[in-house]
Amino acid sequence: MQRQATTSSGSDCDPRYANVDERKRKRMISNRESARRSRQRKQKQMEDLVNEVSQIQNENGQLRQSINVNSQRYAEMESANNVLRAQAMELTERLRSLNSVLQLVEDYSGLAVEIPEIPDPLLRPWQLPCPVQPIMASADMFEY
């Protein structure tokens, strides 16, 4: 029993195991340090991902806002275009009425009256009898 008490720690007394214990202790310290660095890397990756998510969410918000603004503008333009189409149809009908009056004048007076053809603006809007004028654009019409 006495022998067991003197060798309770085993390697504390035996110089052969002192070197093994020292290597084991250094390996343990090295492993702890490696684990600490690994945790720091993972934490940095997580912070980077959180920042990236935040940035992407901000960009998405800006894109949604831009889409909403452009959708609103599109709806306004579509509405204005519909008004212009209706006005073009009305003016075309007025011209047809005037042409029929001119035709009556020509028929009853015997005078030759030039009656121009009126193209259908809804079927061929690019052939409307309009003078060619440049469309002026300004930078502020593209702001949002």
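**Entry 1.** I began with Glu93, which counts as partly exposed at 44% relative accessibility. A reminder to myself: this is a predicted model.

**Entry 2.** Which residue does Glu93 pair with in a salt bridge? I found Arg96 there, with N to O at 2.8 Å. Arg96 is partly exposed as well, and I noted 37% relative accessibility for it. Both residues sit in helix α2, three residues apart, so about one helical turn separates Arg96 and Glu93.

**Entry 3.** Next I asked how many salt bridges the structure holds. The count is five.

**Entry 4.** Glu33 forms a salt bridge with Arg36, and I wrote down 2.1 Å between the closest N and O atoms. I then checked where the two lie: helix α2 covers residues 15–109, and Glu33 and Arg36 are three residues apart in it, which means a separation of about one helical turn. How accessible is Glu33? Its relative accessible area is 29%, so I put it down as partly exposed. Arg36 has 33% and is likewise listed as partly exposed.

**Entry 5.** My next stop was Asp48, whose side chain meets that of Lys44 in a salt bridge at 3.0 Å, N to O. Here the spacing is four residues in helix α2, and again I noted about one helical turn between Asp48 and Lys44. For accessibility, I have Asp48 as partly exposed with a relative accessible area of 37%. Lys44 is partly exposed too, at 47% relative accessibility.

**Entry 6.** Is Asn99 buried or exposed? At 14% relative accessibility, I recorded Asn99 as buried, because the cut-off for that is under 20%.

**Entry 7.** Which residues does Asn99 touch, leaving aside those up to four places away in sequence? I listed three names: Ile115, Pro116 and Ile118.

**Entry 8.** A last line to tie the pages together. I leave Glu93 and Arg96 joined by a salt bridge, Glu33 paired with Arg36, and Asp48 paired with Lys44. Asn99, by contrast, goes into my notes as a buried residue that touches Ile115, Pro116 and Ile118.

Notes. Residues are numbered from 1 along each chain as its sequence is written. This is a predicted model: local features need pLDDT of at least 70, side-chain atom pairs count only at pLDDT 80 or more; totals for chains, interfaces and linings use all residues. Side-chain values use heavy atoms; hydrogens and water are left out. A salt bridge is a side-chain nitrogen of Lys or Arg within 4 Å of a carboxyl oxygen of Asp or Glu. Buried means under 20% relative accessible area, exposed over 50%, partly exposed in between (1.4 Å probe, protein chains only). Contact means heavy atoms within 4.5 Å.
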